Amino acid sequence: MPLGRERFPAGTESGIVRIGRRDMLTALGTAGALLPAAASPAAAASPERRSRGADFGPKQRASGSRGLAITGHAESTRIAVEVLRQGGNACDALLAASLAQTVLQPHLTTVTGCFSLLYRDAATGRSEYLNANVNAPLAPLTGFGPADVFGGRGVAVPGFWAGIEAAHQAYSSMPLARLIAPAIALARDGVECEPFFWGELFAAQVAIGANPAGRRIFMPARALPPPGGTVRQPEAADLLERLRDEGSRYFYHGSFAERFCAIVRQAGGVLTPEDFARYAVRREEPVRGTYRGLDVVAAAPPDMGGLHLIETLNIAEQIDIARLGPASESPEVLVHLMRAVREVMTAGAAYGDPRYVPLDRERILSKAFARERMQAQAPAQAAPVAPPGSCHLTVVDRHGNIATALHSTLSLPWVNGLFIDGVSICGAANHFLRTMPPPGARVSVMICPSLILREGRPLIACGSPSTSLIATLAQNITNIVDCGMDIAESVRRATFGGLADADGRMTIEADIGDALLAAVAGAGIQAEKLNPWSFRNGSFEGIFFDPHGTAHACGDPRRTSVAMAV
């Protein structure tokens, strides 16, 4: 069904422990096996369970015209919606939810990580991109290799807190103290160690338990809390209160920065207080493209996801998807989209921070370049693949303002076993293995908050966590735009994902069907078969706007996202 004939159903301290990266990825990828109750549709639909925390499996669709939020946890979504109900705008709600997620989901995000936001002002129609990703140290990381990810050399300059402050100053309407209050309360009172959280703790317990700071937080009785138990984070609450009162003066220019750098340098790193003092958020024009007459507005480099999404859609535009059907049904569409994503991701490994290295943005985004690439085969050797993770969330308020953002640990949970003031120290530099930034430059990553506009009005606002985010966005956008698919149906379809390894293999969910799997193999695409609704294939945290302006969203069953309307 083509666009315009949408159907909508009724309702609506230091210390390093080096752990093998493949071992941690294997544990992470099989964490779903620890979640039998949460994976059942009945459990996912239960208001009692969903109100407490985070479930995998199918979620309920949410619709509304007075505001809507989708985040990776029921509690952070509820916090966002409550801010909207109290008169806050989309940015207020997103910031409150993001801060809460650092407490609710410390396996995915941290105040020492990154924050990148795309914000659209409904009154002016203007969109702006805020990049608060991490910076490489000023000191060169000579000879940086995979083992460095697990120590102090793998720590970059944090951007999360600077991003929160910059977004609040630019777009918010509520006091920051109001927006950070839920996170502080959660840290003090405790949060449920829901199955996803527990599974990640279990996979990383060696790194956590080897550090006294990690044991204080997650093993106060010398063992992990049981699934469903309570995790209290009083040191993190103290830190959040200090940030509420002193902000960047403390984080980037005070004793926090000094102690952070001392911990990192004790673990072999090179960060200095000067790295913190020179950190600055970038406010950028988003990248722009078109897809079948629709406008695409997305993340600006060196958050490369915007380039990659438009590149992929430019290639997809050459396929008659409306006639052939979605990638979950059509072998031809599936093969073309997988080739497109593989080509774009492989070539994109060479893209760097355009303030430091040349980047031919005009050519990369051009339709002519997409035509050249239509039949391109990705090189046999791709860049090293970063592990899946992160939080993405999208919010629209009653006025139509839209905020969509990603924040993250940028790595495996607790990858280096380092902590400060009750929070993990982000080990983001696994991305340096993909593209090593010059000293002091921004990291180059595939973050992609994005908007699709029809005649200047929002049609889709979206993003995804995980290294499979470009594949996730491309499949869901084409499902909705080309096939007229309802968003709840779209997120439940079997999918392929991004690169699985440096040999250029991709991922694909095994239940996509034998005929489609055979077509992929016959096209010479190497693909690792994954379980249905695989964690590794991302999570579409999107909102769709119907012709009447009503917003619709549905949590992706691959992760623990939940959508709620005001």
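Serine 76 is buried, with a relative accessible area of 0% (buried means under 20% relative accessible area, exposed over 50% and partly exposed in between, with a 1.4 Å probe and protein chains only). Serine 76 sits in helix α5, residues 74-85; helices here are DSSP runs of H or I with at least four residues, strands are runs of E with at least two, and both are numbered from the N terminus. Setting aside neighbours within four places in sequence, serine 76 is in contact with Thr71, Ala97, Gln101 and Leu104, where contact means heavy atoms within 4.5 Å.

A word on the model itself: it is predicted, so local features need pLDDT of at least 70 and side-chain atom pairs count only at pLDDT 80 or more, while totals for chains, interfaces and linings use all residues. Residues are numbered from 1 along each chain as its sequence is written, and side-chain values use heavy atoms, with hydrogens and water left out.

Next comes strand β11. With 7 of the 7 residues of β11 (residues 402-408) buried, this strand is largely enclosed by the rest of the structure. In a regular strand the side chains alternate between the two faces of the sheet. Both faces of β11 are covered, with Ile402, Thr404, Leu406 and Ser408 buried on one side and Ala403, Ala405 and His407 buried on the other. As for partners, β3 (residues 114-120) runs antiparallel to β11 and is joined to it by 7 bridges; strands pair if DSSP finds at least two bridges between them. Strand β10 (residues 391-397) also pairs with β11 in the antiparallel sense, over 6 bridges. Alanine 403 of β11 is the bridge partner of tyrosine 119, and valine 395 stands opposite alanine 403 too. The hairpin of β10 and β11 has 4 residues between the strands, and there glycine 400 takes a positive phi near 95 degrees.

Finally, helices α7 (residues 160-171) and α8 (residues 176-189) pack at an angle of about 140 degrees, with their axes 11 Å apart. Axes are lines fitted to C-alpha atoms, for helices over the stretch in contact, and angles run from 0 to 180 degrees between N-to-C directions. The two helices are therefore oblique to each other (under 35 degrees counts as roughly parallel, over 145 as roughly antiparallel, 65 to 115 as roughly perpendicular and the rest as oblique). Trp161, Ile164 and His168 of α7 meet Leu176, Leu179 and Ile180 of α8 in this contact.
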